[in-house]
Amino acid sequence: MDSLSLLLGGLQDALTPINVLYAAVGVLLGTFVGVLPGIGPAMAVALLLPVTYGLGPTQALIMFAGIYYGGMYGGSTTSILLNTPGESSSVMTAIEGNKMAKAGRAAQALATAAIGSFIAGTIGTLLLVFFAPLLANQAVKIGAPSYFAIILLSLVLVTSVLGSSKLRGFISLFIGLTIGLVGLDLSTGQARLILGQLQLADGIDIVVVAVGIFAVGEALWVAAHLRRRPIDVVPVGRPFMGREDWSRSWRPWLRGTALGFPFGAVPAGGAETPTFLSYLVERRLAKNSDEFGKGAIEGVAGPEAANNASAAGTFVPLLALGLPVTATASIILAAMQSYGIQPGPDLLGSQADLVWTLLASLLIGNTLLLVINLPLAPVWARLLQIPRPQLYAGILFFAALGAYAVSQQAFDLLLLLLFGLVGFAIRRFGLPVLPLILGVILGPLMETKMREALDLTDGAVSGLFNEALAIVIYLLIAVVLLAPLVVRRLRGRRGSDRRDADEVMAS
Amino acid sequence: MSSAASEPDAAASRDVDRAQYGLAGVLALVGAYTIYDATTLNVGFGDPVGPRIFPYAIGAITIVLAVLLTVATARGSQAEAEAGEDIDLTTKPDWLTVLKLLGFLIFALLTVNFLGWAITGAVVFAGCAWSLGSRTVLRDILVGAVLSVASWYFFYVVLGVPLTPGILDGIL
């Protein structure tokens with residue numbers, strides 16, 4: 001196989017002692033930050049991005065892959081040992097995982113999460129190796145009209161599939177699109193929405209937006225509602241699994257992987273949907289389904305595998321189309337751009353070595369995660385007991401450092417503060433974060449493609465519709481927007497089959 | 001997600017969430033300004049689309065969303081405030097703490113160029129910890145100083161990025 005030999009080449013490039021060291025440091029830092037309560041993978045990646053400044057692209061990507069997987073694993077550790085997860089993708093892990101921990105089986109819960117993540121991540125990365133080049137080969141033929149339609153589709157999907165209120169999703173999206181307008185217009189060089197501030201002419205760095213909204217917004221929001229009672233953390237020993245745990249875990253791992261990868265590759269909100277589906281599937285298939293709700297290991301193994309497989313899946317559109325579909329992927333895209341790499345159909349041709357090194361480092365990061373984190377679990381658990389004032393002071397400290405280090409201007413700290421206030425507001429008003437972040441990063445790309453398409457037809461609107469693929473995608477968008485209305489009408493007559501599912505989501 | 005969030009919401013759902021009118025107002029202003037700003041741009045020759053259309057569309061839809069939010073609010077639509085592991089939504093928001101934190105962040109942006117990252121960073125850490133209720137001020141200042149000096153050296157030595165030394169120029 002062609003892809004496989006290229007991957008082996010990538011592994012050869014990535015597997016030097018110094019690179020493995022970078023990957024290990026990345027895994028450690030990522031897990032450390034990801035474990036901290038209130039910090040999900042997207043925030044971990046945004047906060048740690050400055051650490052990779054000054055490295056060459058290869059080393060930076062390798063370290064970043066470690067940070068990415070470490071941050072994800074850290075998040076699931078938190079949700080198992082403390083209830084109430086920080087991320088929507090680990091909601092399902094928390095349900096059974098925390099019950100297991102309370103019943104004295106924290107070690108097994110952490111072990112099945114770690115090994116499941118490893119297996120799912122490895123299979124997912126291998127699938128990525130085969131699918132990304134295939135998609136990229138097709139994507140080279142995609143013209144501006146279809147590209148515009150694809151971006152529109154992913155924004156509509158992310159905004160309307162997730163969250164309880166579509167109105168709030170679209171409000172969030174348009175706040176993001178407005179932020180994305182700030183700066184010089186790409187083709188005429190005129191400044192837009194800079195309010196007379198020349199520092200805004202280069203646009204607003206996505207890192208400042210993300211750190212402001214995730215970290216500062218979270219810290220301010222927590223400060224307004226700080227829980228003034230001690231949190232009970234379940235003590236944990238070294239993770240291990242007995243024979244029965246293995247035999248109950250391996251099928252959920254594989255099923256979770258099968259669900260997670262395809263959902264990660266389409267813009268439907270990342271891991272939220274597949275982890276939820278995986279939980280439902282495992283509960284239905286389990287022989288002892290009455291154990292669910294009291295700490296069933298299948299309910300941790302499946303969703304955790306789905307979570308990691310979908311994380312690998314998000315790299316397919318990211319690498320092949322330059323299209324991020326989750327908040328974490330948006331920050332990875334920004335990171336790659338800051339190393340001078342532009343993901344998209346041409347990337348596999350123009351910088352093939354780098355791509356294969358990245359894919360190889362995902363495999364390495366994933367393996368190191370298992371090797372490092374199984375023995376270290378008790379140490380991570382202690383992190384959960386950091387007193388909250390120091391914890392959030394630390395988050396604000398690193399947020400300020402990250403924003404300031406981007407270009408060493410006090411002005412970036414002002415932006416950080418303003419986006420912190422935006423982050424506070426979106427938490428107060430229940431606006432989802434993801435559409436906002438995607439709006440900031442995809443808005444400019446969308447405008448570029450729209451203008452490319454319209455320039456070809458001299459401004460006639462038909463320029464947006466003159467590719468068959470584009471029309472198919474517009475039909476798809478119409479279905480996505482109209483289907484819920486139809487379903488609601490049908491469901492109104494036929495009672496509620498989904499009550500079962502809704503109960504799980506509410507608990 | 002958590003039951004703590006839904007209970008007070010359910011109890012208050014008869015009331016109208018007035019703050020959402022404020023959000024709608026801000027959105028309408030932002031949308032209007034976006035459209036106004038776009039009118040000041042020039043469309044060049046041979047550029048059939050120009051830099052205006054996209055902001056026009058975004059501004060216009062933002063205004064429509066503001067109107068929809070106003071209608072939804074008047075009909076009793078409630079925001080589902082975000083819950084989390086350290087968040088207790090049953091109490092009233094503690095604005096004093098938020099203002100203190102904002103104060104220290106403003107301090108940081110005003111002083112970082114003059115005092116340098118090492119001093120400003122330490123003050124940010126200790127000040128924020130104090131704002132959030134820590135009473136071990138001396139220890140916090142010490143931890144903050146270690147963090148900020150260590151991060152300064154990490155950026156300088158490992159990453160080759162010299163952060164502003166400020167008044168400690170020559171000492172660090």
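**Entry 1: A:Ser172**

I looked up A:Ser172 and found it in helix α7 of chain A, residues 166–181. Helices here are DSSP runs of H or I with at least four residues, strands are runs of E with at least two, and both are numbered from the N terminus. The model is predicted: local features need pLDDT of at least 70, side-chain atom pairs count only at pLDDT 80 or more, and totals for chains, interfaces and linings use all residues, while side-chain values use heavy atoms, with hydrogens and water left out. Residues are numbered from 1 along each chain as its sequence is written, and chains are lettered from A and ligands numbered from 1 in the order in which they are written.

I checked the burial of A:Ser172 next. Its relative accessibility is 0%, so A:Ser172 counts as buried. The terms are: buried under 20% relative accessible area, exposed over 50%, partly exposed in between, with a 1.4 Å probe and protein chains only.

Which residues does A:Ser172 touch, not counting those up to four places away in sequence? I noted A:Leu431, A:Pro432, A:Val433, A:Pro435 and A:Leu436. Contact means heavy atoms within 4.5 Å.

**Entry 2: A:Thr328**

I placed A:Thr328 in helix α13 of chain A, residues 327–338. A:Thr328 has a relative accessible area of 12% and is therefore buried. Leaving out residues up to four places away in sequence, I found that A:Thr328 touches A:Pro41, A:Ala42, A:Val45 and A:Tyr68.

**Entry 3: A:Leu193 and A:Leu195**

I then went to the loop between β2 (191–192) and α8 (206–224) of chain A, where A:Leu193 is found. A:Leu195 lies in the loop between β2 and α8 of chain A as well.

A:Leu193 is not a glycine, yet I read a positive phi of about 55° for it. For A:Leu195, not a glycine either, I read a positive phi of about 55°. I noted these values because most residues other than glycine have a negative phi.

Is A:Leu193 buried or exposed? A:Leu193 is buried, at a relative accessible area of 10%. A:Leu195, with a relative accessible area of 57%, is exposed.

**Entry 4: A:Asn98**

I found A:Asn98 in helix α5 of chain A, residues 91–139. Its relative accessibility is 3%, so A:Asn98 counts as buried. I also took the C-alpha to C-alpha distance from A:Asn98 to A:Met450: it is 48 Å, for a sequence separation of 352 residues.

**Entry 5: chain A as a whole**

I counted the secondary structure of chain A as 20 helices and two strands. The C-alpha trace of chain A spans about 70 × 60 × 55 Å along its principal axes. The radius of gyration of chain A is 22 Å, which agrees with the value near 23 Å that a compact globule of 507 residues would have. The radius is taken over C-alpha atoms, and the globule rule is 2.2 Å times the number of residues to the power 0.38.

Among contacts in chain A between residues at least 6 apart in sequence, 79% join residues at least 24 apart. The accessible surface of chain A is about 18,600 Å², and 64% of it belongs to carbon and sulfur atoms. Accessible areas come from the Shrake-Rupley method with a 1.4 Å probe, and for residues only the protein chains shown count as cover.

I listed 32 positive and 29 negative charges for chain A, with mean positions 12 Å apart. Lys and Arg count as positive and Asp and Glu as negative, without His and the chain ends; the place of a charge is NZ of Lys, CZ of Arg, CG of Asp or CD of Glu.

**Entry 6: chain B as a whole**

I found six helices and zero strands in chain B. The radius of gyration of chain B is 24 Å, well over the 16 Å of the globule rule for 172 residues, so chain B is more spread out than a compact globule. Its C-alpha trace spans about 60 × 60 × 25 Å along the principal axes.

How is chain B divided into domains? Domain 1 covers 16–74 and domain 2 covers 95–168, with bounds from an automatic or database domain assignment. Taken over C-alpha atoms, the centres of domain 1 and domain 2 of chain B are 38 Å apart.

In chain B, 40% of the 172 residues count as buried. Of the contacts in chain B with a separation of 6 or more, 62% come from residues 24 or more positions apart. Chain B exposes about 8,800 Å², with 69% supplied by carbon and sulfur atoms.
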